[in-house]
Amino acid sequence: MKYQVVTATLTARTAIHIGSGEGSGLTDALMRRDADKQPFIPGTAIAGALRALLTRLSPRLNAIPCTVLDEKKEFREKSCNCEVCHLFGDVNPSDEEGALSEASKILIFNARPSKKLPMSMIRDGVGIDRATGVAARAGAVKFDLEVLPAGAEFELRMELRDTCQKDESLLAAGLAEWKAGRFWLGGRVARGLGAFILSNLQFKTLNLDTPTEVLAFLGNDKPWEQAQEVDGWLEEQLESIRPSSLEKGQPEAAACGWLSITGTLQAEGPFLTNDASASGLSGFDHAPLLEYWGNWREPVLTGAGLRGVLRSHAEKLARTLATLQYENKEDFLHHCPACDPNVRDDDEKKPLECCDSLLKKSHIARDAEVSLCLACSLFGSTRRGSRLLVEDAPYQATARQSCPIFKMLDFLAIDRFTGSGAEGLKFDALAMWKPAFALRLFLDNPEDWELGWLWLVLRDLTESWLTVGFGSAKGFGQVKLTDWTATFGYIQPEDVHLDVTRLGLITQKSGVYTTVQIKEGTERWREIMQRWIKAFHEKVNSFERLDNIRLDEDSYFVDHLEELYPLAKGGSL
């Protein structure tokens, strides 16, 4: 008999939010804390993230798919005996005759800080109105939450009980993915938070064959410190894994591949963001968000803000293609591929009303299989999580600029009647001059049309067509994507879209995946990209809304212009 334990260090690559479900007068969402007011990561959250990952990976590792992946609800509610349920416990435990339910064979403990944590901060956010381009105040989508900055470290510990070789191989597959940096945990991971990397991974054992060893084990409060590390455990377990091809009939949620895009987001002039905490600390009306309290050398661009810019631009592209295909209003509303996520429940008709609001009005249950618009399918909604993650972009030192350059700016509104300064409307800002930020996007199980859509957005970003942050109408926030690299991960070559593996590029192993990197200028790259874009055009042209979730109003035809630009009685456009 042996005591088996896995220990490791979890290091936050971005800011993280492990929510408590409670708010206060300080923020809408507080961090989870223990009785000593110390932040920690609940073992249930870690176990849930690991189980979700392995549930999707297991069908590709010659394992039985878990019943939770079944499309039919009646099967999802039955007892299961797959490899994931064997390790974590049956997802639907049952004591009926013939049921093979078992308890979990892995114990995952709360992750405590391994060193002093940096001071927590408050993040502010606001939704953007798709028609006007300003803050969507009417939708009440202003929010804030407490986060821990990047660099926070936690101790991870898992103990195993009566596991077999298959259990250990499956666990090793998940830990290898985490070690490769594909690990997100906590709240708002699709909006920049919760990126982790696992390091210092050790698999240890302690013999319990004699009464003396058992008594020593029971008398030790920290037996994992006395256990002996098994050298090469992770590599040995990964060698035993034999990935399988994606067979017909496999669950759609089963892992196939992923796309990771990294690059430099270079501002081409003054860059202005705003953080209430930094503003209060500095005395400026507007000041940039900092990674750590008072550390002006490390500003950061939030993933939430960047994601909002990308989604808004993607929606414009999709709706523009739809207007070219469907020239009259009724056809456009029946085929509009993108809703406005900020337009919520309301008895009145609203332009581009969000999918969730339309589904609620149709009394469609939250767990029902529904057809969302293309924007909600890719970027997510309250009904379906997003497979596209946009991480926080930290400041990146360049050859021209090793640390941020700040400029103090004064602003004064002009009185339209007198032409002089408007009294009481003077404000100032601390702007950054041509900063660069490290961009990182991750798209799980991409489809061809999603790749084409994403590349159209990134193409415009490489040509400086998009602005980020405050003051775009005043010349602020123009950015350009440079030095980008696209990394494709796949389990089997047939998982990769449209012949990426036939470009003759060098492949590498990363976790359980094989990866290939593509950079701008790669031979035949534009040819492949054009095929993806064609797939996106076809998807938009063929998209059709269900009758019970059709749009009633839009932001592109004349009837809504009167709301945006009210006319005097009897006036005309």
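**Notes on a helix and its aromatic contacts**

1. Just after helix H12, Ser 464 takes a positive phi of about 65°. Helices here are DSSP runs of H or I with at least four residues, strands are runs of E with at least two, and both are numbered from the N terminus.

2. Please keep in mind that this is a predicted model, in which local features need pLDDT of at least 70 and side-chain atom pairs count only at pLDDT 80 or more, while totals for chains, interfaces and linings use all residues. Residues are numbered from 1 along each chain as its sequence is written, and side-chain values use heavy atoms, with hydrogens and water left out.

3. Helix H12 covers residues 448–462 and reaches 21 Å from its first C-alpha to its last, close to the 21 Å expected at 1.5 Å a residue (1.5 Å times one less than the number of residues). Because 13 of its 15 residues are buried, H12 is largely enclosed by the rest of the structure (buried means under 20% relative accessible area, with a 1.4 Å probe and protein chains only).

4. The whole structure holds 18 aromatic pairs, counted where ring centres of Phe, Tyr or Trp (its six-membered ring) lie within 6.5 Å, with planes under 30 degrees apart called stacked, over 60 edge-to-face and the rest tilted. The rings of Trp 455 and Trp 484 have centres 5.4 Å apart and planes at 50°, so this pair is tilted. Trp 455 lies in helix H12 and Trp 484 in strand S18, 29 residues apart, so the pair links distant parts of the chain. Trp 455 is buried at 4% relative accessible area, and Trp 484 is buried at 8%.

Methods: Buried means under 20% relative accessible area, exposed over 50%, partly exposed in between (1.4 Å probe, protein chains only).
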